[in-house]
Amino acid sequence: LKTMSKILPTIFLVIAAFLTNMIMARLIATERGQIGLMKAFGYSNAEVGLHYARFVIGIVFVGSVIGIAAGTWLGRMNTQMYADLFRFPLLLYRPSTSAIAIAVSVSLVSALLGSAGAVRQATRLPPAQAMQPPAPAAFRRMRLWDTGAARWLDQGSRIIVRNILRSPMRSALTTLGVAASVGLLILAMQWNDALNYLGQSYFFHAQHQDATIGLAEPQSETILHDFEHLPGVLAVEPMRIVSADLSVGPLRHRGSLTGLKEDAWLQPIFDDASAKVVAVPPNGLVLGTVLADKLGVSIGDQVWLDVLEGRRPQISMPVVGLIETYIAMPAFMHIDALNRLLKERPSTEYVNLLIDRRDEAAFYAELKELPMVSAVMLRRAAIDSFYGTIVEHIMVFITLFSSLACALGFGVAYNSARIALSERGRELATLRVLGFSRGEISYILLGEIGLLIIVALPLGCVLGRGLSELMGAAFNTELFRVPMMIEPSTYGLSVIIALAATLMSALVVRHRLD
């Protein structure tokens, strides 16, 4: 939440500043005469600037009232989700006045900075110049029209290309605005891809057991025979986990050592990067890359172990393998080597079982009668919990940010088209008098926005991938890592949604144009 609160609002505030600049620039352009009259009657530049600054403050005030109400409701819903997820008996939601003050202040500063250029332009207009219509743009023939490709363009397409090239800054900002909406859609929806990939990797590729049985205390491996004779048990594997401090010089990590058999396949050592099972070495450690980076070690380096259980042995062991994992920071070794390190007979603390589902009822009935069993962990229950809570809650944020991204694309496209309509209304009316149809002038006006959107779509896909990598890097913690995974369908769906949002804005402007 802390990471998301830094990255995502920053993107939205930058675009909000851009939209505010577009609105104020259009407003000031249409009120040149009034600005000239104000100055002619003695209003100073500061008073004119303050007038438009108050207009921006009014926009922020109305937006803040709506935002505070929506944010309070979303905050309560978010708190309720976490209360349900972690099963807190009591979790009070109190809207923070400091958070509201920060949100309003940052929004106000963003809007004022975005409109500063337009307001400065209004204050610099001399009265005599402001009361006159703006000077016509200086047109000159460009070499582009001498190329063979340009000769294939009809008159309307030529007008579209000319308008884009004559307002390069506005065209670039419009393209970036639409690209940002596509990028945010990809950023939001790639979470579903990443979590699905994470779930598949962790629960299906790295685990094949149906149940993991925790024993009250380490038992001799002869207990495996007892589990093999339970109803429906198809395969049995031992596993042992002991707490330990791993250190290299001053660098220290408190974690655990997991002991596995060399032929373990119910819960093997799985490398997420290569999607392959790594053999359990007879001696030495296999570390996750995140743990190796934390300790500053690579293959061949020595790691000092302080075991925190049993006789608390201390020993130095070499790193013989590295694996990429998305969950936790594991350290694996052979279970026999772990037992020798503890100076104990071959023992196990956990038992992984593969169970025939037809005999599950009989299996659990007999399992309840075993006195040494202290815990039963079901892979199916973990999968259901993962997809039923974590993914479900993430989908709430995906929906929220997807909606904001759609609003962003709609706002950018609509404001660009409305500005173009206000600036070229007389020209478009003249074309109608000269015989152009409604469809032709709509093509001239909306074709410009359409061309910019077509350019923005691939740019937005690149931006979305970059934002996803940035977010994934920000979420890189010792507890879990978010894999960089974006399905082709996510790109396609993001483009379709962005096109739908901009098409709606085009239809609204087309109605005004007609």
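Tutor: Let's begin with strands: two of them count as paired when DSSP finds at least two bridges between them. Strands (E, at least two residues) and helices (H or I, at least four) are DSSP runs, numbered from the N terminus. What you see is a predicted model, in which local features need pLDDT of at least 70 and side-chain atom pairs count only at pLDDT 80 or more, while totals for chains, interfaces and linings use all residues. Residues are numbered from 1 along each chain as its sequence is written, and side-chain values use heavy atoms, with hydrogens and water left out.

Student: Which residue in β8 is the bridge partner of W304?

Tutor: Look for S316, which sits across from W304. The strands here are β7 (residues 302–307) and β8 (residues 314–323), antiparallel and joined by five bridges. They form a hairpin with six residues between the strands, and there G310 has a positive phi near 60 degrees.

Student: Which way do β7 and β2 run, parallel or antiparallel?

Tutor: They run antiparallel, and four bridges join them. One to find is the bridge between A244 and V307, the latter in β7.

Student: How many bridges does β1 make with β10?

Tutor: Six, in the antiparallel sense, between β1 (residues 211–220) and β10 (residues 347–355).

Student: Now salt bridges. How many are there in the whole structure?

Tutor: The general idea is that side chains of opposite charge can pair when their charged atoms come close. The rule is a side-chain nitrogen of Lys or Arg within 4 Å of a carboxyl oxygen of Asp or Glu. A search of the whole structure gives 11 of them. In one, the side chains of E344 and R240 meet, with 2.7 Å from N to O. These two are 104 residues apart and link distant parts of the chain: R240 belongs to β2 (residues 233–248), and E344 to the loop between α11 (335–341) and β10.

Student: At what angle do the axes of α8 and α14 cross?

Tutor: Axes are lines fitted to C-alpha atoms, for helices over the stretch in contact, with angles from 0 to 180 degrees between N-to-C directions. For α8 (residues 168–205) and α14 (residues 438–474), the crossing is roughly 45 degrees, and the axes come within 6 Å. Angles under 35 degrees count as roughly parallel, over 145 as roughly antiparallel, 65 to 115 as roughly perpendicular and the rest as oblique, so α8 is oblique to α14.

Student: What about α13 and α15 (residues 488–513), at what angle do they pack?

Tutor: About 30 degrees, with their axes 8 Å apart. That makes α13 roughly parallel to α15.

Student: And α1 with α3?

Tutor: α1 (residues 2–30) packs against α3 (residues 45–86) at about 135 degrees, with 12 Å between the axes. These two helices are therefore oblique to each other.

Student: Where does α13 bend?

Tutor: A bend at a residue is the angle between axes fitted to the seven residues ending there and the seven starting there. α13 (residues 379–433) bends by about 70 degrees at R424. After this helix comes G435, with a positive phi near 115 degrees.
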